[in-house]
Amino acid sequence: MTGKTTPLYVVCSPCRCVGKTLVSRLLTEFYVANDRSVAAFDLADEGPQLADYLPEYATIADIGDIRGQMALFDRLIAEKDTPRVIDVSHRAFKNFFTVVQEISFFEEARCRSIEPLILFIIDPKPESAESYAILRRWFTEASLLPVRNQIEASDRAYSDASPNASIFPASLDIPHLGFSLRALIDRQSFSFSQFWRAPPAGLPDALDEKLGEWVEHIFFQFRDLELFLGCEDLSTHVVAQGSRRPRTTYRSPPLGGDSRRDAESAAMNQRFIGVPEQVLKFAPKQKRRIDSDPMDESGNAIVAMLQKAADLSNDNCDRARTMANELSCQLRTTDDRINQLETEIEHFRDRAVRAETWLQLIQREIEEKLIAPMATTRPKSTT
């Protein structure tokens, strides 16, 4: 790609409860933490929505009718030089991409130097792989990137994410996060950009370090995406240097000790003292390791069981709703048939009344014109 473009992120999945809103939040606050303008659009229909977490940056959109579709897509290409983030719910998934294909929206966006990137949250369910394959087939020129959010999926089902697979990242990884920290970031009052700049009050240092590594790992992936898409200048930093808060994780190690650990810590420190991004691109990246404890494992097991129970409950509700709709249709059909039969009964009752009237008239005519004259002209018998 040549020249600077503006990114348009479409965060989506045909499945529910896979982390679409979380990825949309992180993307939006990545720009907020860097003091850059950003516009987010919320197509979700169940809470908590993106607009609940980021009311200042997220706009609720509805594409259920033509007017809503025009309002959304016109706005997406109207604002130049402002990154856009679209949180597409599982219910709006099919409608959104159908409209995008019908109006050739991605092609129009590229003509305006807007680079669309589909961030597809993968899921083990069959409909996820099928939908991913459909998007690859429909949008051959668009960038399609799988997002792995604590889910193991088949690499074969989600391979060849982009036509530029040789230079494009294989996937976007949202690493595991402990139960207590997940509960923290799920609060609507929590802000990733504020956390990046200053630790929240009352958060222990150990949790602050874990969450700091987690956010940093994701933010630098977003940074790499912008570089790959040609949407960002190499001279800028991930966040403003003056606004980044100090973290104990980034302090220089004491003298002596493990040389490998010292080298890794020194490499991390170099990232925060103004080393040019051209050099950092080729520096080996430290692998993030977020240790878990028994409390987190127990919490994750409970959350997994609750999620499974919620999925079963939703499936039962969907089946009950389907049966109720079928019974409702049958009831309406029965009502229509009853009304039709009542109309036919009234029709035949009227015909029966008219037939009875005609029979009485015919009987009267017979009596008056046949029986009565014959009685008057009959000869009297003689004795």
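## A first look at this predicted model

The protein folds into twelve helices and seven strands; here helices (H or I, at least four residues) and strands (E, at least two) are DSSP runs, numbered from the N terminus. Residues are numbered from 1 along each chain as its sequence is written, and side-chain values use heavy atoms, with hydrogens and water left out.

Let's start with the whole chain. Of its 383 residues, 38% count as buried; buried means under 20% relative accessible area, exposed over 50%, and partly exposed in between (1.4 Å probe, protein chains only). A contact means heavy atoms within 4.5 Å. Among contacts between residues at least 6 apart in sequence, 75% join residues at least 24 apart.

Now for the helix pairs. Two packed helices are described by the angle between their axes and the distance between the axes. The axes are lines fitted to C-alpha atoms, for helices over the stretch in contact, and the angles run from 0 to 180 degrees between N-to-C directions.

| Helix pair | Axis distance | Angle |
|---|---|---|
| Helix 3 (residues 66-78) and helix 4 (residues 93-102) | within 12 Å | roughly 65° |
| Helix 4 and helix 6 (residues 126-138) | within 12 Å | roughly 10° |
| Helix 1 (residues 20-33) and helix 9 (residues 205-229) | 10 Å | about 80° |

Angles under 35 degrees count as roughly parallel, over 145 as roughly antiparallel, 65 to 115 as roughly perpendicular and the rest as oblique.

Helix 3 and helix 4 are therefore roughly perpendicular to each other. On the helix 3 side, the contact is made by Gln69, Leu72 and Phe73, while helix 4 brings Asn95, Phe96, Val99 and Val100. Sorted by type, the residues of this contact of helix 3 with helix 4 are five nonpolar, two polar and no charged. For that sorting, Ala, Val, Leu, Ile, Met, Phe, Trp, Tyr, Cys and Pro count as nonpolar, Asp, Glu, Lys and Arg as charged, and the others, Gly among them, as polar.

Helix 4 also packs with helix 6, and their crossing at roughly 10° makes helix 4 roughly parallel to helix 6. Here Phe93, Phe97, Thr98 and Gln101 of helix 4 meet Ser131, Leu135 and Trp138 of helix 6. That contact of helix 4 with helix 6 has four nonpolar, three polar and no charged residues.

From helix 1 come Leu22, Leu26, Leu27, Glu29, Phe30, Tyr31 and Ala33; they meet Trp214, Ile218, Phe219, Phe222, Arg223 and Glu226 in helix 9. This contact of helix 1 with helix 9 divides into ten nonpolar, no polar and three charged residues.

Leaving aside residues up to four places away in sequence, Phe192 touches Leu22, Arg25, Leu26, Glu29, Ile185, Trp214 and Val215. Arg25 sits 167 residues from Phe192 along the chain, yet their C-alpha atoms are separated by 8.2 Å.

Finally, here are two loop residues to look up. Cys17, in the loop between strand 1 (6-12) and helix 1, has a positive phi near 60° though it is not glycine. Cys17 is partly exposed, at 44% relative accessible area. Ser104, in the loop between helix 4 and helix 5 (105-111), likewise isn't a glycine but has a positive phi of about 50°. Ser104 is partly exposed, at 35% relative accessible area.

Conventions: This is a predicted model: local features need pLDDT of at least 70, side-chain atom pairs count only at pLDDT 80 or more; totals for chains, interfaces and linings use all residues.
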